[in-house]
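The sequence and the structure are shown first.

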Amino acid sequence: MESDEELVIIALLLDEEDEEERRGNKRKHRMWIHDIFKKRSQFGEYHTLFTDLLNDDVKFFQYFRMSHAKFKTLLDILSPHILRQNTTYREAIEPEQKLAVCLRYVLKTISFKY
């Protein structure tokens with residue numbers, strides 16, 4: 001009789017173990033930050049080009065179609081609305097970078113005729 005009870009207990013434990021393995025295999029962790037974006041601070045257009053543009057007013061105007069002073073004024077107006085906090089999982093994109101990328105995207109998609 002004890003051997004039957006032992007077999008039932010072993011079967012239940014094995015069944016429970018199989019169920020845990022199946023549940024564990026279904027759960028796949030998603031990446032919070034893709035590897036491409038981790039390199040943005042080294043190779044991204046903003047980080048490599050923006051500092052050079054700040055040193056050349058003519059190139060800055062050609063790139064953004066506004067002076068650096070107007071860019072800063074627009075940034076001061078928009079910053080409270082686009083500012084995010086850093087988390088333990090990722091760094092927030094700073095408002096200056098958001099504005100620069102947004103303006104550049106708009107300028108690329110809309111053709112201006114002067």
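The points that follow cover the fold, the aromatic residues, the pockets, the salt bridge and some individual residues.

The model is predicted. The protein chain contains 7 helices and 0 strands, and buried residues account for 15% of its 114 residues. A whole-structure search returns 8 aromatic pairs, and the count of salt bridges is 1. The volume of the largest pocket is about 500 Å³, while that of the second largest pocket is about 200 Å³.

**Overall architecture**

- Read from the N terminus, the order of elements in the protein chain is α-α-α-α-α-α-α.
- Helix α4 covers residues 45–54, and the spans of α5 and α6 are 57–64 and 68–82 respectively.
- Helices α2, α3 and α7 span 35–38, 40–43 and 95–109 respectively.

**Aromatic residues**

- Across the whole structure, 8 aromatic pairs are found. One of them is the stacked pair of Tyr-46 and Phe-50, with 4.9 Å from centre to centre and 25° between the planes.
- Tyr-46 and Phe-50 are about one helical turn apart, because 4 residues separate them within helix α4.
- Tyr-46 has a relative accessible area of 11% and is therefore buried, the cut-off being under 20%. Phe-50 is buried as well, with a relative accessible area of 4%.
- Tyr-63 and Phe-64 also form an aromatic pair, here in an edge-to-face arrangement with centres 4.9 Å apart and 85° between the planes. Both of these residues are buried.
- A cluster joined by ring pairs comprises Tyr-46, Phe-50, Phe-60, Tyr-63, Phe-64 and Phe-71.
- Over the ring of Tyr-63 sits the charged end of Arg-104, at 4.1 Å from the ring centre.

**Largest pocket**

- The largest pocket, with a volume of about 500 Å³, is lined by 17 residues. Closest to its centre are Arg-40, Arg-90, Glu-91, Ala-92 and Ile-93.
- Helices α2, α3 and α7 each contribute at least two residues to the lining of the largest pocket.
- The lining of the largest pocket divides by class into 7 charged, 5 polar and 5 nonpolar residues.

**Second largest pocket**

- The second largest pocket has 16 lining residues, and those nearest its centre are Glu-45, Tyr-46, Tyr-63, Val-101 and Arg-104.
- At least two lining residues of the second largest pocket come from each of α4, α5 and α7.
- In the lining of the second largest pocket, 9 residues are nonpolar, 4 are charged and 3 are polar.
- Tyr-46 and Tyr-63, listed among the residues nearest the centre of this pocket, also belong to the aromatic cluster.
- Glu-45, another residue listed there, is located in helix α4. Its relative accessibility is 41%, so Glu-45 counts as partly exposed.
- Between Glu-45 and Val-101 the C-alpha to C-alpha distance is 8.8 Å, although they are 56 residues apart in sequence.

**Salt bridge**

- Which residue forms a salt bridge with Lys-72? The partner is Glu-96, and the closest N and O atoms are 2.9 Å apart.
- This pair connects distant parts of the chain, with Lys-72 in helix α6 and Glu-96 in helix α7, 24 residues apart.
- Lys-72 is partly exposed, at a relative accessible area of 32%, whereas Glu-96 is buried at 17%.

**Loop residues**

- Where is Arg-65 found? Arg-65 lies in the loop between α5 and α6.
- Arg-65 has a positive phi of about 60°, although it is not a glycine. With a relative accessibility of 39%, Arg-65 counts as partly exposed.
- Asp-56 occupies the loop between α4 and α5. The relative accessible area of Asp-56 is 31%, so this residue is partly exposed.
- Asp-56 and His-68 are 9.6 Å apart in space, C-alpha to C-alpha, with a sequence separation of 12 residues.

Conventions: Residues are numbered from 1 along each chain as its sequence is written. This is a predicted model: local features need pLDDT of at least 70, side-chain atom pairs count only at pLDDT 80 or more; totals for chains, interfaces and linings use all residues. Side-chain values use heavy atoms; hydrogens and water are left out. Rings of Phe, Tyr and Trp (its six-membered ring) pair if their centres lie within 6.5 Å; planes under 30 degrees apart count as stacked, over 60 as edge-to-face and the rest as tilted. Buried means under 20% relative accessible area, exposed over 50%, partly exposed in between (1.4 Å probe, protein chains only). A charge sits over a ring if NZ of Lys or CZ of Arg is within 6 Å of the ring centre and within 35 degrees of the ring normal. On a 1 Å grid over the protein atoms alone, a cavity is a set of points where a 1.4 Å probe fits but cannot get out, and a pocket is an open set with protein on both sides within 12 Å along at least five of seven lines; lining residues have an atom within 4 Å of a point. Grid points are joined across faces, edges and corners, and a volume is the space filled by probe spheres set on the points. Ala, Val, Leu, Ile, Met, Phe, Trp, Tyr, Cys and Pro count as nonpolar, Asp, Glu, Lys and Arg as charged, and the others, Gly among them, as polar. A salt bridge is a side-chain nitrogen of Lys or Arg within 4 Å of a carboxyl oxygen of Asp or Glu.
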